[in-house]
Amino acid sequence: MTVQERYEALKAKVINRKKDFDAFIAMLEGDTIWLTSPASARFHLNKAGGLLEHSVGVAETLLKFRATLAPEISEESCVIVGLLHDTGKVGMPGKPRYLKNDVEWEIKKRNMTYKINPEEVAMNLATRSLYLIAKYIPLSDAEAQAILYHDGLYVSGNEEIATKRSP
């Protein structure tokens, strides 16, 4: 199954908040680089479509964990959190975060196929994700927490919730 087919299958799992979710997806697909964005400038999945591939993989993995570890959490919640947790990486509507890098040395020596848009308003990526999503989709406290702290303790500042995470 292709990434696009897997993506469509995940979107079909959103039922209770379908109208809001569909409006957000329409904005992402129409006004941002969501479908073609890399997942990073130089590391994992730094290729066209890498962000979608990463996000689909996270949502699918979250659904597998849910089935075994937390069946009380809805599939819809897992899809929303897993699929959309990194949407901040698209930048803002009409203002992409990632631009194709044209500096040959950086591409060859640093694998930096993309660069960060120098006109981007600085914002933590998880915060930007939550900012974008919350404009369209009502989230539970636990969903907002999962999106905001999805990088765990690898990000400075996330220590404050180390022992306060919800399932």
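Colleague: Which residues does Glu-120 touch, not counting residues up to four places away in sequence?

Modeller: This is a predicted model, where local features need pLDDT of at least 70, side-chain atom pairs count only at pLDDT 80 or more, and totals for chains, interfaces and linings use all residues. Residues are numbered from 1 along each chain as its sequence is written, and side-chain values use heavy atoms, without hydrogens and water. Set aside residues up to four places away in sequence, and the contacts (heavy atoms within 4.5 Å) of Glu-120 are Gly-91, Arg-97 and Arg-128.

Colleague: Where is Glu-120 found?

Modeller: Elements here are DSSP runs numbered from the N terminus: helices (H or I, at least four residues) and strands (E, at least two). The strand to look for is β4, residues 114-116. Glu-120 sits in the loop between β4 and α6.

Colleague: What separates the C-alpha atoms of Glu-120 and Asp-22?

Modeller: Along the chain, Glu-120 and Asp-22 are 98 residues apart.

Colleague: Ser-129 lies in helix α6. Is Ser-129 buried or exposed?

Modeller: Look at its surroundings. Ser-129 touches Leu-84, His-85, Asp-86, Thr-87, Gly-88 and Ile-147, leaving out residues up to four places away in sequence. The classes follow relative accessible area: buried under 20%, exposed over 50%, partly exposed in between (1.4 Å probe, protein chains only). Ser-129 has 0% relative accessibility, so it counts as buried.

Colleague: Which residues of α7 are buried, and what do they pack against?

Modeller: Helix α7 covers residues 141-148. Its buried residues are Glu-143, Gln-145 and Ile-147. They pack against α4 and α6.

Colleague: At roughly what angle do the axes of α6 and α7 cross?

Modeller: The contact joins Ala-126, Thr-127, Ser-129, Leu-130 and Ile-133 of α6 to Ala-144, Ile-147 and Leu-148 of α7. Axes are lines fitted to C-alpha atoms, over the stretch in contact for helices, with angles from 0 to 180 degrees between N-to-C directions. These two axes come within 8 Å. They cross at roughly 145°.

Colleague: How far apart are the axes of α3 and α4?

Modeller: The pair packs at an angle of about 145°. From α3 come Ser-55, Val-56, Val-58, Ala-59, Leu-62, Leu-63 and Arg-66. From α4 come Glu-75, Cys-78, Val-79, Val-81, Gly-82 and Leu-83. The axes are apart by 8 Å.

Colleague: At roughly what angle do the axes of α1 and α3 cross?

Modeller: Helix α1 covers residues 3-11, and helix α3 covers 50-69. Val-3, Gln-4, Arg-6, Tyr-7 and Leu-10 in α1 meet Leu-52, Glu-53, Val-56, Gly-57, Ala-59, Glu-60 and Leu-63 in α3. The axes come within 10 Å and cross at roughly 50°.

Colleague: Which residues does Phe-24 touch, not counting residues up to four places away in sequence?

Modeller: Phe-24 is one of the core residues that touch the most other members. Beyond four places in sequence, its contacts are Leu-84, Thr-87, Leu-132, Ile-133, Tyr-136 and Ile-137.

Key. Core = buried A, V, L, I, M, F, W, Y, C linked by side-chain atoms within 4.5 Å.
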